[in-house]
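Morning, everyone. Please take a look at the structure on the screen. I'll talk about charged pairs, then about the overall picture.

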Amino acid sequence: MELEQMTPRRPYLFRAFYDWILDNELTPYIVVNTSVYGVLVPQEFIQNNQIILNIAPQSVGQYLATNEQIEFNARFSGVPQHIVVPMAAIEAIYARENGVGMGFEDEPQYRIQSESLPSQPKQSKSKPNPFRVVK
């Protein structure tokens with residue numbers, strides 16, 4: 001079976017790192033590419049087509065992670081918001097306290113999926129790396 005015919009790896013790796021970070025009593029943060037279709041986050045906190053979100057259980061409510069997206073409720077500057085992040089938009093997950101985490105590579109399944117969606121603004125390729133990647 002060709003890679004393009006398989007399900008994306010990202011949801012499985014995401015859930016594994018999320019659990020691992022929590023099991024080590026650290027705080028999971030995600031880096032989100034906000035130019036991906038379907039991202040629903042507060043616009044005023046976006047910088048360079050990215051937003052970093054704290055997804056610790058004590059910081060969010062009604063958290064749900066599926067193979068397609070994560071969604072939860074959170075407060076931003078005291079205002080409750082419903083957040084939706086497609087898996088294709090999650091660029092990395094890492095622990096706030098030590099920066100250990102994983103950046104996700106492009107997967108053909110997400111490129112194929114996005115070709116049929118409305119076009120989004122191009123993301124800047126130059127961005128700081130806010131975490132240390134575990135290899």
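**Salt bridges in a predicted model**

Arg9, Arg10, Glu105 and Glu107 are joined in a network of salt bridges. By salt bridge I mean a side-chain nitrogen of Lys or Arg within 4 Å of a carboxyl oxygen of Asp or Glu. In general, side chains of opposite charge can pair when their charged atoms come close.

A word on the ground rules. This is a predicted model, where local features need pLDDT of at least 70 and side-chain atom pairs count only at pLDDT 80 or more, while totals for chains, interfaces and linings use all residues. Residues are numbered from 1 along each chain as its sequence is written, and side-chain values use heavy atoms, with hydrogens and water left out.

So, how many salt bridges does this rule give? Four.

Start with arginine 9. Its side chain meets that of glutamate 105 in a salt bridge, 2.7 Å from N to O. Distant parts of the chain are linked here: arginine 9 sits in the segment before helix H1 (10-23), and glutamate 105 sits in the loop between strand S7 (100-103) and helix H2 (108-115), 96 residues apart. Helices (H or I, at least four residues) and strands (E, at least two) are DSSP runs, numbered from the N terminus.

Next, arginine 10. Arginine 10 is in helix H1 and glutamate 107 is in the loop between S7 and H2, so the pair ties together parts that are 97 residues apart in sequence.

Are arginine 10 and glutamate 107 buried or exposed? Both are buried. Buried means under 20% relative accessible area, exposed means over 50%, and partly exposed is in between, with a 1.4 Å probe and protein chains only. Arginine 9, at 35% relative accessibility, counts as partly exposed.

Now a pair further along. Arginine 96 and glutamate 97 meet through their side chains in a salt bridge, 3.2 Å from N to O. Arginine 96 is partly exposed, with a relative accessible area of 46%. Glutamate 97 is partly exposed too, at 40% relative accessibility.

Last, the whole protein. There are two helices and eight strands. In sequence order, the pattern is α-β-β-β-β-β-β-β-α-β. Of the 135 residues, 39% count as buried. Take contacts (heavy atoms within 4.5 Å). Among those between residues at least 6 apart in sequence, 62% join residues at least 24 apart.
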